[in-house]
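Open the model in your viewer and switch to cartoon view.

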Amino acid sequence: MRLKHHVAVITGAGSGIGRASAREFAKEGAKVVVADINLDGARETVKQIEALGGAGLAVEVDVADPQSVERLVDETLKAFSQVHTLFNNAAIQVNKTVENTTVEEWNREISVNLGGVFLCSKFFMPHLRKTQGCIINMSSVNGFFVEPMCAGYCATKAAIIGLTKAMAIDHGKEGIRINCICPGYIDAGLAEGYFQAQPDPAAARAAAGKLHALWRIGKPEEVARLAVFLASADASFITGAALTVDGGFSSGLPPAS
Ligand SMILES: NC(=O)c1ccc[n+]([C@@H]2O[C@H](COP(=O)([O-])OP(=O)(O)OC[C@H]3O[C@@H](n4cnc5c(N)ncnc54)[C@H](O)[C@@H]3O)[C@@H](O)[C@H]2O)c1
């Protein structure tokens with residue numbers, strides 16, 4: 001087991017990639033704080049962890065709200081005394097152009113996706129310093145390559161890459177590693193929402209698979225296993241990196257047939 005005696009906090013772990021990550025961290029021996037705005041989803045993830053023989057704690061949090069994040073820190077320390085990994089995974093996606101996005105939608109998307117990384121990192125940093133822990137931020141290939149109808153989302157994912165590098169150089173000398181993950185299309189909530197927002201969701205899904213060199217969409221576990229690697233001692237000299245797990249999406253467009 002690569003994460004024995006390890007405590008991991010994973011935001012947005014009440015579904016999708018976050019839930020798969022919670023399971024993979026637990027399989028490697030970590031105790032997992034499953035933090036989500038959807039408490040029922042978080043509780044279901046903890047049930048799944050316990051069924052694997054692991055230990056988890058479900059915490060309701062809004063990562064865009066400073067007081068809520070401070071409560072998350074308190075509950076984490078109360079339950080497990082320390083924290084080794086913060087995985088900033090929670091996000092929302094507004095499937096609209098800038099012109100069609102309301103001011104409220106814009107502000108919320110920025111506050112959750114980018115503000116959530118800021119707030120969780122800010123309030124967990126003193127505790128990560130004590131364990132020489134690490135932060136993993138969830139970006140996307142959309143941080144490098146944009147797609148239609150999700151302008152605000154792409155902006156937040158690009159900003160997360162910059163924030164990751166900035167935090168890595170600020171905190172590297174303290175022994176804290178900070179990296180981000182850039183997945184291609186993954187069979188989970190936000191991709192499904194994007195397909196549903198297209199005129200023909202099934203066609204959009206099939207076309208999306210073919211944007212990857214491997215000609216398929218990824219599975220949540222395939223991203224989760226990269227997060228486990230980054231949290232483990234195997235990644236001890238990796239910081240400030242934006243690592244793709246994208247089936248070759250960012251290598252270029254594969255032939256159409
Ligand atoms: N699915 C993909 O194709 C894909 C690709 C690249 C990157 N990503 C990234 O992976 C992450 C997870 O995406 P997913 O597809 O698993 O989505 P998902 O919708 O299944 O999971 C997101 C989770 O975040 C939670 N959440 C939303 N707002 C929150 C808030 N304010 N506070 C706390 N929790 C909140 C939701 O309740 C949900 O459980 C996101 O950061 C997303 O940008 C996903």
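Start with the sheet: seven strands form an open sheet in the order 3-2-1-4-5-6-7, with parallel pairing. Keep in mind that this is a predicted model. Select strand 3 (56–60) and strand 7 (242–245) to see the edge strands, each of which pairs on one side only. From one strand to the next, the twist averages 20°.

Now select strand 4 (residues 85–88). Four bridges join strand 4 to strand 5, and the two run parallel. Look for Thr85, which stands opposite Cys134 in strand 5.

Helix 1 lies across strand 1, strand 2, strand 4 and strand 5, at about 170° to strand 1. Helix 5 (residues 151–171) lies across strand 5, strand 6 (177–183) and strand 7, at about 160° to strand 6.

Next, show the nonpolar side chains. The largest nonpolar core has 29 residues, and Phe25, Val32, Val34, Ile136 and Ile181 have the most contacts inside it. Helix 8 gives the most to this core: six residues. Select Val32; among the residues it touches are Ile10, Phe25, Ile49 and Leu57. Apart from this core lies another, of 27 residues, including Val9, Phe80, Val83 and Ile176.

Finish on Thr11, in strand 1 (residues 7–11). Is Thr11 buried or exposed? Thr11 counts as buried because its relative accessibility is 2%, under the 20% cut-off. The side chain of Thr11 reaches the backbone nitrogen of Ala90 at 3.0 Å. Thr11 also touches other residues, including Ala35, Val63, Phe87 and Cys120.

Technical notes
Residues numbered from 1 in each chain as written. Predicted model: local features only at pLDDT ≥ 70, side-chain atom pairs only at ≥ 80, totals over all residues. Heavy atoms only, no water. Buried < 20%, exposed > 50% of the residue type's maximum accessible area, 1.4 Å probe, protein only. Polar contact = N/O pair within 3.5 Å; in protein donor to acceptor, adjacent residues only side chain to side chain. Contact = heavy atoms within 4.5 Å. Core = buried A, V, L, I, M, F, W, Y, C linked by side-chain atoms within 4.5 Å. Pairing = 2+ DSSP bridges. Axes fitted to C-alpha atoms, helices over the stretch in contact; angles between N-to-C directions. Lists of a residue's contacts leave out its neighbours within four places in sequence.
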